[in-house]
Amino acid sequence: MATTTFTKKSLGLETTEPALTPPAKGAQTNFAKKPKLGSGKSKKRDIPEGLWTKCPKCETMVFDKELDENLKVCPKCEFHFPISARERIHSLVETCTFEEMDAEMTSVDPLEFVDKTPYPTRVQEHQTATGLKDAVLTGICKIGGHRVALGVMDFNFIAASLGSVVGEKLTRLVERATEKELPVIIISTSGGARMQEGMLSLMQMAKTSAALAYHAQRRLPYLSVLTHPTTAGVMASYASLGDLILAEPGAMIGFAGPRVIKDTTQAELPPGFQTAEFLLDHGLIDAIVPRKEMKQRFTEYLDFLDGRQKGATAASA
Ligand SMILES: [Zn+2]
């Protein structure tokens with residue numbers, strides 16, 4: 001990760017911090033490894049690439065390494081930056097317990113859809129850029145003492161749009177959970193349906209919801225986590241079906257965007273409309289959980305729900 005060149009990103013930034021911040025533990029070995037230049041006139045300094053990120057909320061320059069260590073949350077104002085699905089899984093599950101399901105599943109192009117680029121090209125570009133096959137990772141893992149069926153969406157992959165692969169992977173995850181009697185946790189983010197898959201994309205809403213209905217019939221818990229942004233088809237299906245619906249602070253959550261609603265209803269929208277905080281006040285979500293507390297809260301909720309479930313089983317026996 002840490003390399004040794006100045007980049008455009010680290011130039012020209014006005015910060016109150018010195019340009020060369022002492023690297024944290026682990027990054028120090030780069031200094032020793034750097035080969036000496038013969039002339040000795042080069043004074044190029046060893047600065048990790050992509051050094052700073054500006055927080056869009058409080059405008060503080062945050063050292064990238066610090067941001068990573070803080071699970072991509074601004075240490076000053078708690079702004080939640082986007083985080084990749086893999087990083088999120090890493091922050092939540094017990095080490096080496098994530099057994100990924102359907103890792104190789106990829107989209108076909110039944111409509112031979114072309115917008116600016118043909119759909120298969122678009123998919124391939126995003127696969128290369130993100131290292132993902134599609135917009136969700138699913139698998140069975142351990143969180144605290146609980147075995148859990150976990151699905152995590154990644155906005156970097158075509159805005160985490162709900163295509164056939166996302167729908168199928170989540171459905172298989174929920175069906176596996178039902179069969180193995182495991183709780184389900186789905187961490188959502190999405191810009192909506194995968195328009196390049198047309199009707200097939202919309203059908204994923206019904207399919208995932210039906211799988212969750214069977215899961216619910218077995219009285220197994222489903223925790224839905226809404227992260228910034230969770231909208232449209234995902235919000236209108238599995239994301240809003242949780243027994244508990246949690247959200248990250250400041251997340252934008254809704255179906256249509258505010259401008260569309262305003263134009264349709266011809267009404268002024270209240271302040272904070274479609275934020276997690278607004279929806280907590282209005283009863284749509286149950287709790288706002290900061291990213292750093294998410295794992296602990298999952299464990300507490302599952303301890304509680306598991307206890308209830310065992311109690312119910314014992315009572316009916
Ligand atoms: Zn900030």
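Q: Which residue in the turn of the hairpin formed by strand 4 and strand 5 has a positive phi?
A: Strand 4 and strand 5 form a hairpin with two residues between them. Strands (E, at least two residues) and helices (H or I, at least four) are DSSP runs, numbered from the N terminus. This is a predicted model: local features need pLDDT of at least 70, side-chain atom pairs count only at pLDDT 80 or more, and totals for chains, interfaces and linings use all residues. In the turn, a positive phi of about 60° belongs to Gly 144.

Q: Over how many bridges do strand 4 and strand 5 pair?
A: Two strands pair if DSSP finds at least two bridges between them. Residues are numbered from 1 along each chain as its sequence is written, and side-chain values use heavy atoms, leaving out hydrogens and water. Strand 4 covers residues 136-143 and runs antiparallel to strand 5. The number of bridges is eight.

Q: Which residue of strand 5 is the bridge partner of Gly 139?
A: Strand 5 spans residues 146-153. Its residue opposite Ile 185 in strand 6 is Leu 150. The bridge partner of Gly 139 is also Leu 150.

Q: Why is strand 5 largely enclosed by the rest of the structure?
A: Look at burial: a residue is buried at under 20% relative accessible area, exposed at over 50% and partly exposed in between (1.4 Å probe, protein chains only). Strand 5 is largely enclosed because of its number of buried residues, seven of the eight.

Q: What is the handedness of the β-α-β crossover from strand 5 to strand 6?
A: Strand 5 and strand 6 (residues 184-190) pair in the parallel sense over four bridges. The chain crosses between them through helix 5 (residues 164-180). With the strands pointing away from the viewer, a clockwise path from the first strand over the helix to the second counts as right-handed. This crossover is right-handed.

Q: Which residues are the protein donors of the zinc ion?
A: Donors are N, O and S atoms within 2.8 Å of the metal (3.2 Å for Na, K and Ca); water is not among the atoms, so sites may look incomplete. In sequence the donor residues are spaced C-x2-C-x15-C-x2-C. The SG atoms lie 2.3 Å from the zinc ion, and they belong to Cys 55, Cys 58, Cys 74 and Cys 77.

Q: What is the geometry of the zinc ion site?
A: Four donors count as tetrahedral if all angles lie between 85 and 135 degrees. The angles among the four donor atoms here are 106 to 113°. The site is tetrahedral.

Q: What distance separates the C-alpha atoms of Cys 58 and Cys 74?
A: Cys 58 lies in the loop between strand 1 and strand 2, and is partly exposed at 30% relative accessible area. Leaving aside neighbours within four places in sequence, Cys 58 is in contact (heavy atoms within 4.5 Å) with Cys 74, Lys 76 and Cys 77. Cys 58 and Cys 74 are 16 residues apart along the chain. Their C-alpha atoms are separated by 8.7 Å.

Q: With which side chain does the side chain of Glu 197 make a polar contact?
A: Glu 197 sits in the loop between strand 6 and helix 6, and is buried at 2% relative accessibility. A polar contact is a pair of N or O atoms within 3.5 Å; within protein, one must be able to donate a hydrogen and the other to accept it, and residues adjacent in sequence count only if both atoms are side-chain atoms. Not counting residues up to four places away in sequence, Glu 197 touches several residues, including Leu 111 and Tyr 119. Its polar contact of 3.0 Å is with the side chain of Ser 107.

Q: Which backbone oxygen does the side chain of Thr 230 reach?
A: Thr 230 lies in strand 7 (residues 222-231), buried with 0% relative accessible area. Beyond neighbours within four places in sequence, its contacts include Ser 188, Met 235 and Gly 254. At 2.7 Å, its side chain reaches the backbone oxygen of Thr 227.

Q: Which residue is joined to His 228 by a cis peptide bond?
A: Omega of this bond is about -20°.

Q: Is Arg 219 buried or exposed?
A: Arg 219 is in the loop between helix 6 and strand 7. Its phi is near 60°, a positive value in a residue other than glycine. With a relative accessible area of 66%, Arg 219 is exposed.

Technical notes:
Tetrahedral: all angles 85-135°; square planar, octahedral: opposite > 155°, others 65-115°.
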